[in-house]
Amino acid sequence: MSHRFKKIAVKIGSNVLTRVDGTLDITRMSALVDQISQLHKKGVEIVMVSSGAVASGRSVMGISKKMDVVDQRQLFSAVGQAKLINHYYDLFREHGITVGQVLTTKENFGSRRHYLNQRNCMRIMLDNKVIPIVNENDAVSVSELMFTDNDELSGLIASMMDMEALIILSNIDGIFNGSPSNPESKVIRQIEKGQDVADFIQSTKSTFGRGGMLTKTTIARKIADEGIDVIIANGKRDGILLQLLDKKQDVVCTRFVASPAEVSSVKKWIAHSEGFAKGEIHVNENAAKALTGDKAVSLLPIGATEIVGDFEKDDIIRIIDPQGVLLGVGKVQYNSLRSRELLGKKNQKPLVHCDYLYLE
């Protein structure tokens, strides 16, 4: 069989792996492992991003009335992650495949060094035919530093590992042009760059996950703009992964079409670093116009009007237009003190070079 993609990230959502009572669905888990194993043996490179630790812990511990929601989440995820990875380890071992656990936090994407360390770890695993299974380390993550959900994490992983496609498995067939519960609604099969689907998105969150379709769409659009196809499909459908990768099959799903433009590794990192910005550079109308034009331009000191915050050279900063709108993020060439000294001056080197600039 000729596969549509050779390098994929597969995100398996909470609602795919969770039964109605909130416990882990081992039967579904086993079916997905069978499919991933089949693809792996045919030479498809796969990184898994799997939810389910909290559900797994809930299966063991049950609900305690004595603990608040955060305490329960930490306890369930700590106990559940061990159980979840053991299930995966045993299921993949039946196929003669080794898996490895990668637990991460949002902070690990904040510096280029940590980012490259993670990438190198997973690259070594893939080169040695080990399937990485990634999850957020919920036991040590606190709310303000958590990923929106594993959709955000899977987008970062797909981008970091230069995957050809990110497949997000949810419990519905894709993005509908109305409420999924309405029989008249149909799945939007393909979304091109610039196409607005915000009116169709239900803002309600998953029953067991932290995010919803709005999060999926936001992440999907950003990843597709980086040249990676994004597919949202129903993980509860039998054989879904094999069908999605079979060129001959037309599967009901939503596909965000990848942009043809290639994006460098460092720009991919910068694109996802807005949450780690250490400061802001405010720009005038001329600079804003030049930055958002057709040509790639650097941000020069003459176009800057204000420096906000304290930052070091190579930190990530936000770029803000005169109306207070975020234009993008970039890796700054000077610290905040030197940037203030250069403010508005002509004939200076860029504050942010165009190679290290990502515009929203």
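Start with helix α7, residues 213-225: this helix lies across β5, β6, β7 (229-234) and β8 (254-256). Relative to β7, α7 runs at about 150°. Keep in mind that you're looking at a predicted model.

Now show the strands. They form an open sheet of eight, with mixed pairing, and the order is β3-β4-β2-β1-β5-β7-β8-β6. Pick out β3 (99-104) and β6 (190-191) next: these are the edge strands, each pairing on one side only. Then select helix α4, residues 69-93, which packs on the sheet and touches β1, β2 (45-50), β3 and β4 (131-136). The direction of α4 makes about 155° with that of β3.

Next stop: the β1/β5 pair. Strand β5 covers residues 165-170, runs parallel to β1 and is joined to β1 by five bridges. To get your bearings along the pair, pick Ile 8, which stands opposite Ala 165 in β5.

Stay on β1 (residues 7-12) and click Lys 11, which lies in that strand. Is Lys 11 buried or exposed? Its relative accessible area is 5%, under the 20% cut-off, so Lys 11 counts as buried.

What is Lys 11 in contact with, leaving aside its neighbours within four places in sequence? Select Val 49, Ser 51, Asn 150, Asp 151, Ser 154, Ile 167, Ile 168 and Leu 169. Zoom in on Asp 151: its side chain is joined to that of Lys 11 by a polar contact of 3.0 Å.

Methods: Residues numbered from 1 in each chain as written. Predicted model: local features only at pLDDT ≥ 70, side-chain atom pairs only at ≥ 80, totals over all residues. Heavy atoms only, no water. Helix = DSSP H or I, 4+ residues; strand = E, 2+ residues; numbered from the N terminus. Buried < 20%, exposed > 50% of the residue type's maximum accessible area, 1.4 Å probe, protein only. Contact = heavy atoms within 4.5 Å. Polar contact = N/O pair within 3.5 Å; in protein donor to acceptor, adjacent residues only side chain to side chain. Pairing = 2+ DSSP bridges. Axes fitted to C-alpha atoms, helices over the stretch in contact; angles between N-to-C directions.
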